[in-house]
Structures are given as structure tokens and as C-alpha cells.
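Please look over the sequence and the structure first.

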Amino acid sequence: MSHMPVFSPSSSQALLIANLFGFVLIVCAAILLLVTSLVCYSAWRFRSRPNQPEPAQKFGVKNFEIAWTIAPIVLLAVIFVFTLRTTYGSDPPANSQPDLVVTGQQWWWEARYPQAGFETANEIHVPAGKPMTVSILGGDVIHDFWVPQLSRKIDAIPGYPNRLVLRVDQPGTYFGACAEFCGAQHAWMRFRVVVDSPSDFETWQEHEAANAATPSIGPAADGSRLFQQLTCVKCHAVRGTDAAAKVGPDLTHFAGRQRFAAELLENTPANVTRWLTDPQALKPGCHMPNMQLTTAQIEPLVAYLETLQ
Amino acid sequence: MSIPQGALPISLEAEQAETTRLLSWISSVDHKQIAIMYLATSAFFFCIGGLEALLMRVQLAWPGLNFLSPDAYNQIFTMHGTTMIFLVVVPVLLGLSTYFVPLMIGASDMAFPRMNALSFWLFLFGGLLLYFSFFGGGAPDAGWFSYAPLSEKPYSSHPGLDYWALALLAIGVGTVAAGLNLIVTIVTLRVKGMTIRRLPLFVWMVLVNSFLIIFALPPLNASLVMLLVDRQLNAHFFTQLGGGSPLLWQHYFWSFGHPEVYIMVLPAFGFISEVIPVFSRQPIFGYGFVAASTVAIALLSFGVWAHHMFAVGLGHGWDLAFGASSMLIAVPTGVKIFNWIATMWGGAIRFTTAMWFAIAFLITFTIGGLSGVAFAVVPIDWQVTDTYFVVAHMHYVLFGGTLFSVFAAAYYWFPKMSGRMLSERWGKVHFWLTFIGFNATFLIQHFLGLAGMPRRVYTYPDLPFWGVMNLISTVGAFLLGLAVSVFLFNLFISYKNGEPAGDNPWDAWTLEWATTSPPPTENFVRVPPVKSRRPLWDLKHPENPDWKR
């Protein structure tokens, strides 16, 4: 079951859905077994024998038909009652003030923490035990926020903010994916939700809210200058510097993330080097062009990015 | 048409009317020729749609493959869905309806023969226009339902989506015309004695279905015009910046899209309702219930569209209301399964290839129907919509449902259309390859959805078992490709050398079997008297006719 996230829920909301799903699957399996048995039995029992005359013709028995119309209605009514309860239980009302604002962009996830006043990308942290109100919006086209182990999926629509409550009691890391076709790299618009203990979350939040330090010596310093001089600043923000563009992901604490390019690559210097060499080779169609950087530019840039812990 | 060896000679009138062969087909307004053109064209597009599916399955066979670029994959999955729905399933059903409805009601043609031809030519040229997009700057690539704003100019600047909209508009007009034609034909051209309550169930289903068509296609056509106006004339129907709404597209589209899936399944129910009785040697169990439930489905189908939008965030009230109506529609759909099983019960079942497909349909359509009921349970939908679970569901109802019934109809009615029997030996090979290949491809996709794999992805991460599950699905898809090849081979060799069929090889009971195979141009030399739902049973069993019960 652990390989089936829908059936290994890690929040009470997802558990409610999994329980209902389990119940419905059992009912469906029973109906399928009934139908299959009847089909197979009747096919075998009433197979024609050689030279068999036409059987006695029967046209229907109204009472049977009424019975097998009413029985499904009753069954569905029962399922509907459970549906009602789980609908409200698994999707509780959210607060009006969001703790987290998630915006789906082609093809990455922007995560803004309004109270703490910072923005990050693709790796979303939440504290265990606290119900977090998440506002979900589309930045360009319609996307969909889906972390199967934690909650229902919900569309990220431009102009129509949706709200979700995420409440997870146990720390852990949970994988999410965009679940609405959104263009070329929909397949690699994945993300992760990291559930920290409350104290770890405080630490993470303070750290993320802090500005980046600008290195003053070594290749990293060269890299930081290149970052400001080249086109990087046209799309990416690094708080603590003049780079404040919001076209692409915020890179202030880029090096602290496990993976990048929306879960495509492990965040290692080697992979960052490959990415800067030609992002289109790794994620064709993504909105970061091949900037035709030379090795002499890439090495210091990677060193700089590695300091953005 | 060339005269197959051993068939009865066609009438002198028909022979004299034939000018050059190609011209006679292109200029034909005869429903039988038009129907055969529908069927041949659908078969052609089925092969293309199938090849597209195989290309997709190769790309997905293992994580991280680069067989298809993301751009190519997105065009191919869009074209696969669009092709299968608009260029294969609907036309094959319209084709079989066009051939057999006039025959089954004792008429000599459809009510509007020239409009009949128009419907076909709009379909063919619409399909060619759609495929021209590959040469015109790229095929559409926003999915077969092209959600806004992705489908709008800023996010899809190449003309693929314009080709998509224009092609579907052309096809949509032809489809509405076909629906109108079928209604008027059935209402006005029934032979004396064939009251509405004596209609063969296939004809009844086509009648109800045609109402669905004329009410459901116009919303699509209107939406396509709006999309084109947005894209080409900078309007804002579906873009939020100009005061429009992307959600409006979804509501309009699914108002068409949901009835559309019933348009794709009601004729299938019709085929099954003809095949199972004949090969069980019993009349359909509960004609009244089956007919009435069809009307219930048609009416309810206009009230469930937002179940495609449960993830949108419409609000629990709306979600639950549509969930309830969607559960309700499962009832008239599901009870038919029991009627069909009851038809087999107490019968004398003959395991022809047509019957094998019909029996398999009962099981695979039930699986698809049950996963559909699961989707009506709103929180379940919240987890598995837009995943491979829904891909599994749709293929179980459209392939395991509709397509299996089309194969049943093909084996049942090919003899009537061509004068030759399809090979039963190759038919069994076709059946088993299909049944095994189909389940191998799609059963595992339920688990892929539960494992978290979204749909419409050109590749996926190397998560536990995702690779092996996808590989199994790919192998299944190639088995299906082989199965389809066997079917095409069977069609080809049987047309040339199949056993002569005669008028009524199955000893069936409806009017199409009361004429030659193939029928003459005017369909009947003389229509037998119609006093019940099974005129040929009555003729053959004067001691026990249906009308004496």
C-alpha cells in the first residue's frame, strides 16, 4: 500500500477519503463478482447443444426488473450518505487569511508565506499539527495542486483563488504533482510538501525569511557579480540583492532545496551545471531559454548558487 | 460494388444504374454506400488513432525515455483522443445506424438521402482538415478538450488549435444533420405495422441517441466558434483578463461532452440488444425496461456535466448535486446488464465471435461503469480525476464497452453488408487477442492512477513499480495492435473468399434479414408483415408468434 499514495494517507482528511474509497471498491468488487459469475454461469449452463430446438421464449418478469432497479438505487443512496460526510470532512472550511499562497506557473510552483513575508519555489514546508490554510491560484493557465497522501486535489485557476486546508500530524516528506494538463512540461511540474516539527518549521521559516548573504571572495563572489550582470536578474529574485524579478522561481535559498526544476533534478553542483549549460536539453519547452553561457561563466555561477543555502 | 462469388445476383436496375465505380461511390446518395464509406473511413482513422496510441505507449514504456519529445507527445495524445472520439467512435456508430436503421424499419432509404451524403463528406473532410494541421504548423496539443486559457493564443500561438476547432465544427454540423436525418427517418418511414413500440431495440436506441446528438452537438459548435473568435479576433470569452472566464469553456464544453459519451454508448447498447437475443435464441428480457431506461439516460445525461469539474472548486453544494445526479444515471445504465444476462438465461447460446464480444462486453463495460460510479463519489474523484485511473475508466467504457460492441456488430452484420461470412476461426483469434490485450493494457492503469500518476504526461519519475506497470500496459497495447491487424486481415480475406452468407445466416428475427445479402438498392423486394417486434420469428413460427402472447 505504501506504493499507492491514494491508499497510504498521512493526514486525517486523506484518511477519510481512503476509507470511503476502500468501502466503495469493496462494493464495486462485489458487484463485479456477481455480474461476472452470472455471465459465466449462464454462458456455460445455457450453451446450446447440437440440434437443440428453440427454447421456450420468455419476455421478461416485471418483478425482477423492479427489484434490480430498486436495489442499486438503495445501494447508491447509502453510498451517497457516506459521500456527503466525507466531502465535508475531508475538505474542511479554510480561514479567510491564508497561511500560504501557492501559485501554479508553467512549470513550477510558487509558494509565498504572507505572514513571514517571503517566497520560495517547489519545496513547500508546513508545520506538523497545525491546519494551514493554503490559497491556490493559477498564474497563467489552469494547473492543479495534488498531494495524494495529504488531501484532495484542487485546480489552480487564474482569477479564481481556491482554498485548501492542509493539516498533517506526522513530520515527513510527501510528493505532489500538477494534475491538470498545462502545456509542454506538465509532466515535470512536480513538487514536495515537507512537514516539519513545529520547532523545525520555525527554524526553516526564519531562515527562509532572511536575505541571502552576498559572498565577497572566491569564485562565488565572481558568480554573484555575474548573476547581477547577466540576464539572470530579469527573471529570478534573490532577496538581499537588487534582483527582484518574479518571472521565474525565487532563488534566495535555492541551495537549501533537495531537488530543482520542479523535482526534475537532484540539487547537486553537477546537475546545476548541466542545467545552466542548457536547460532546454533537460526540460524542453520550459520558459528558461538556453542563455548560451560559457563554462567560464557557469562555474562561478554554480559556486554562487551553492552559497544560497 | 463487385459481386462476390456465390452471392445472389443484384437486381437488373442496380446493375444498370452503376456508372464508373468511383463516381458511383462519390456521387452516391444511397444509404448503404454512404454507410460503407463511413465505416471504411472510421476504420482508416482507427488505424491512425491506434498508431498514435502505440507511439504514446512506446514513449511511456519506461521512465525517462526520449522516443518522443514533449511537444510531439502532446500533439499525439491530443490527436489520439480527438481522432478516436470524433473520427472513429461516433462515425462508426453513425455508419452502422445509417446502414441498418432503414433496413430494420422496412424503408428503402433515409428520409434525406442527399443530407446523408453531406454528413459523410463533412466527416471525411473535417478529419482531413484536422490532420492537415501536422503540415500546417503543428497539430493541436492542448488535449482533446482544449481547456482555456491553455487553448488561447498567448499559450497556444500556433494554428493547431484553429485546425482543431474548424475541423470539429465541420464534423459537428455533419453529425447534427445525421441526427436529424435519423429521427425523421425513424419517425416517418417505418413500414406499416411497425409501431414505435415494435421498433428493434437498436433502432430505438438510435432514435433516442439522435435526440441527444441534436441537443448536445450545438453547444460544442457554439463553443468552438467562441474559441475561434477569441483566438482570431481577440475576444475574451474564455480569458479572465478581458472579463471572460476559463471556467465558462469548461461548462460549455462539458454540456456537450457528457452527453457525447452517451452518444458513444447508446448505439453500443443497441448492438448488444440485437446480438445477445439472437445468439441466445431468446427475445430481449424486458424490452420495456431497456427502452425506458434509455430515455432516462438521455434525459439525465444533460444534468451531470459538472462531474468533470469536481476539482475546480465549484463548492460542495454543486459538487454533491452533480455527484447525486451522476450516481442516479448509473441506475438505468446498470440495470441493462441484468436484462442482458437474463436474456441469456434459459437460452441456447451459440458462441459465435459476435457473441463472444457481446459476453465480454458485459464484463468489461461493468468494470468501466463501476469505476464511473466511483468517480461520482466526489471525494474519490478528488483523488483520482486527471490520473491514469480515469484513463482506465474511459477506456473500459469506450473500448471494453463501445468498441467491443462494434466488433460484435461487425461479425453479426458483415454478412448482410457483403454477402459473405467473416471467418469464425480468425474471429476467435481476434477476440482472444483483443480481450487479453485490452485488459493487459488498461487494467493496470487503475493502479497507476492510485499510485499517483497524472494523465497527459510525456514521461514520469522512476517511482516504485511505475516503470513495470507502464511496461505491462505497453505490451498490452502492442497485443491490441496485433488483434486489430487480425481483424483487418479477416475483413479482407472474408470479403474476397468468405462463405456465402445467404439472406439470414444467423436465423435472426428483424427485417434486415428479410432481404438478400447485400440488399438490392431499394432494400426490399417485399417487406414481410410486421405484427410484433420479431417479424421473422412470427413468419417462421406461425404456431407461436410473438403477437399471440
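The points below go through the model by topic.

This is a predicted model: local features need pLDDT of at least 70, side-chain atom pairs count only at pLDDT 80 or more, and totals for chains, interfaces and linings use all residues. Residues are numbered from 1 along each chain as its sequence is written, while chains are lettered from A and ligands numbered from 1 in the order in which they are written.

**Chain B overall**

- Chain B holds 17 helices and zero strands. Helices (H or I, at least four residues) and strands (E, at least two) are DSSP runs, numbered from the N terminus.
- Along the principal axes, the C-alpha atoms of chain B fill a box of roughly 70 × 50 × 45 Å.
- Of its 549 residues, 63% count as buried. A residue is buried if 20 or more other C-beta atoms lie within 10 Å of its own, exposed if 12 or fewer, and partly exposed in between; C-beta atoms are placed from the backbone.
- Among contacts in chain B between residues at least 6 apart in sequence, 81% join residues at least 24 apart. Contact means that the C-beta atoms of two residues, placed from the backbone, lie within 7 Å.

**Where chain B meets chain A**

- On the chain B side, 72 residues are in contact with 71 residues of chain A.
- Six elements of chain B each supply at least two residues to the side that touches chain A: helix H4 (70–104), helix H8 (246–263), helix H10 (287–300), helix H11 (316–344), helix H12 (353–376) and helix H13 (378–384).
- H11(B) gives the most to this side, with 15 residues.
- By class, the side of chain B that touches chain A has 48 nonpolar, 17 polar and seven charged residues. Ala, Val, Leu, Ile, Met, Phe, Trp, Tyr, Cys and Pro count as nonpolar, Asp, Glu, Lys and Arg as charged, and the others, Gly among them, as polar.

**Two loops of chain B**

- Most residues other than glycine have a negative phi, and most peptide bonds are trans.
- The loop between helix H5 (113–132) and helix H6 (160–188) of chain B contains Pro149(B). The peptide bond from Ala148(B) to Pro149(B) is cis, with omega near -5°.
- Ser146(B) lies in the loop between H5 and H6 of chain B. Its phi is positive, near 40°. Ser146(B) is buried, with 26 other C-beta atoms within 10 Å.
- Pro518(B) is in the loop between helix H16 (466–497) and helix H17 (535–540) of chain B. The bond from Ser517(B) to Pro518(B) is cis, with omega near -5°.
- The loop between H16 and H17 of chain B also holds Asn523(B). Asn523(B) is not a glycine, yet has a positive phi of about 75°. Asn523(B) is buried, with 22 other C-beta atoms within 10 Å.

**First sheet of chain A**

- Five strands of chain A make an open sheet in the order S3-S2-S1-S5-S8, with mixed pairing. Two strands pair if DSSP finds at least two bridges between them.
- S3 and strand S8 (162–166) of chain A are the edge strands, and each pairs on one side only.
- From one strand to the next, the twist averages 25°. Axes are lines fitted to C-alpha atoms, for helices over the stretch in contact, and angles run from 0 to 180 degrees between N-to-C directions.
- Strand S1 (residues 100–105) and strand S2 (residues 108–113) of chain A pair in the antiparallel sense over five bridges. Gln105(A) stands opposite Trp108(A) in S2(A).

**Thr120(A)**

- Thr120(A) sits in strand S3 (residues 118–121) of chain A. Thr120(A) is buried, with 22 other C-beta atoms within 10 Å.
- Beyond its neighbours within four places in sequence, Thr120(A) is in contact with Ala111(A), Glu208(A), Asp250(A) and His253(A).

- Another open sheet of five strands has the order S4-S10-S9-S6-S7 (chain A), and its pairing is mixed.
- Strand S4 (123–127) and strand S7 (154–156) of chain A are the edge strands.
- The twist averages 30° from one strand to the next.
- Strand S6 (residues 143–146) and strand S9 (residues 172–178) of chain A run antiparallel, joined by two bridges. Trp146(A) has Ala177(A) in S9(A) as its bridge partner.
- Helix H3 (residues 198–209) of chain A packs on the sheet, touching S4 and strand S10 (190–196) of chain A. The direction of H3 makes about 135° with that of S4(A).
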